[in-house]
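The sequence and the structure come first.

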Amino acid sequence: MSDTGTDSDSHTGTGSGTETQAASAGSDGNTSYGHKPFKRSRSHFADRITADGRDGWPVDAGRYRLVVSRACPWAGRALVSRRLLGLEDALSLAVTDPIQDDRSWRFTLDPDDRDPVLGIRYLSEAYDARERDYPGGVSVPAIVDVPSGKLVTNDYQQITLDLATEWTALHRPGAPDLYPEPLRAEIDEVMDGIYRDINNGVYKAGFASTQEDYADACTALFTRLDQVSARLAGRRYLVGDTITEADIRLFTTLVRFDAVYHGHFKCNRNKLTEDPVLWAYVRDLYQTPGFGDTVDFDHIKRHYYQVHTGINPTGIVPLGPDLSGWTTPHHREQLGGRPFGDGTPPGPVRDDERVTPIDQV
């Protein structure tokens, strides 16, 4: 598969953030965005948690903790997958503060500024427990081994695929097949273009340090969005007639588009709301249990606008956009399709995992 975190790009700057697998957290890191060439690095810790435990990390209910930022689109994938597959009891969840300091992701949303399960103040402590002074940054999503306190993996491309295919013994009854084997070749091909030009493309545009780099990235982004819009004009989902991994990966970028990428990252040829197909598609997913109930627009907006001081030095968070449209009818059901295939929707969100309602953002 071409989209498994083996991309050749590496981030050449410093700092940390949802978007970078950065070199090392430093006090000047956030100001470097927009002043240095942006490239995304490989995931340094690419161990896999598998049914047979071949990397030394067997699937085991309760053993691991998923650490996310609700601001991060890469972590958002893991949040959606975990909900859809019903892994809440098997894989516990830690949510970081959307605002970082010079040690990157911190647990200041929890009592005593510590994760109540891992007992640490910073995610970097789990990285250090695994490998001290490794040549990379502190990124999410990350899965930590609770007994040892060590990071297992930060491979954002592989984590969700393994949740779908290796954790099947712990899936809820009625869990959907998010990576169906007969469709994997097509899913991989679709995801590859989406990753290169959309998921990663918004960052290439937003952190571009030259007009030429920005223009190239922005052009590729909207060319791909136009292609995806045409693909979705006559079909409800990207591949097949059910929700797959491809839809999850596209959703986490699209849901952030008007709130941050359009203005903050200068991806402003048009808003998502101005593309009737994509706007209806993303609203369809947002209103599907397991998608919108993982999205926290407050965390998203505050992180991007307050952390990326190289792009937004004032740290002012815009009041818009109007979020009320996310719950309006989309009419995509007229295209057919079965969101969960032969499965069922996930149950209600756990009380301790509820997000800020959009009418309170």
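The largest cavity has a volume of about 80 Å³, where a cavity is a set of points, on a 1 Å grid over the protein atoms alone, at which a 1.4 Å probe fits but cannot get out, and a volume is the space filled by probe spheres set on the points, which are joined across faces, edges and corners. The model is a predicted one, in which local features need pLDDT of at least 70 and side-chain atom pairs count only at pLDDT 80 or more, while totals for chains, interfaces and linings use all residues. Residues are numbered from 1 along each chain as its sequence is written, and side-chain values use heavy atoms, with hydrogens and water left out.

A search of the whole structure gives five cavities of 30 Å³ or more. Lining residues, meaning those with an atom within 4 Å of a point, include A46, D47, R48 and I49 as well as D155, Q158, I159, D162, L163 and W167 in the case of the largest cavity. Helix α3 (residues 159-165) contributes most to that lining, with three residues; helices (H or I, at least four residues) and strands (E, at least two) are DSSP runs numbered from the N terminus. By class, the lining of the largest cavity consists of six nonpolar, two polar and four charged residues, with Ala, Val, Leu, Ile, Met, Phe, Trp, Tyr, Cys and Pro counted as nonpolar, Asp, Glu, Lys and Arg as charged, and the others, Gly among them, as polar.

Pockets are open sets of points with protein on both sides within 12 Å along at least five of seven lines, and two of them are set out below.

| Pocket | Volume | Lining | Nearest the centre |
|---|---|---|---|
| Largest pocket | about 330 Å³ | 20 residues | L93, V95, D110, D352 and E353 |
| Second largest pocket | about 240 Å³ | 19 residues | D258, A259, K271, P321 and D322 |

The elements that give two or more residues to the lining of the second largest pocket are α8 (257-261) and α10 (297-307), and by class this lining has 11 nonpolar, five polar and three charged residues. In the largest pocket, strand β2 (residues 92-95) gives the most to the lining, with four residues, and the classes there are six nonpolar, three polar and 11 charged residues.

Turning to the helix pair, the axes of α1 (residues 73-85) and α7 (residues 245-254) come within 9 Å and cross at roughly 135°, axes being lines fitted to C-alpha atoms over the stretch in contact and angles running from 0 to 180 degrees between N-to-C directions. The two helices, α1 and α7, are therefore oblique to each other. Residues P73, G76, R77, V80, S81 and L84 of α1 meet E245, I248, R249 and T252 of α7, contact meaning heavy atoms within 4.5 Å. By class, this contact of α1 with α7 has four nonpolar, three polar and three charged residues.

Most residues other than glycine have a negative phi, and most peptide bonds are trans. A cis peptide bond joins V140 and P141, with omega about 5°, and P141 lies in the loop between α2 (124-130) and β3 (142-145). Another cis peptide bond links G320 and P321, with omega about 0°, and P321 is placed in the segment after α10. D113, although not a glycine, has a positive phi of about 55°, and D113 is found in the loop between β2 and α2.

Notes. Angles under 35 degrees count as roughly parallel, over 145 as roughly antiparallel, 65 to 115 as roughly perpendicular and the rest as oblique.
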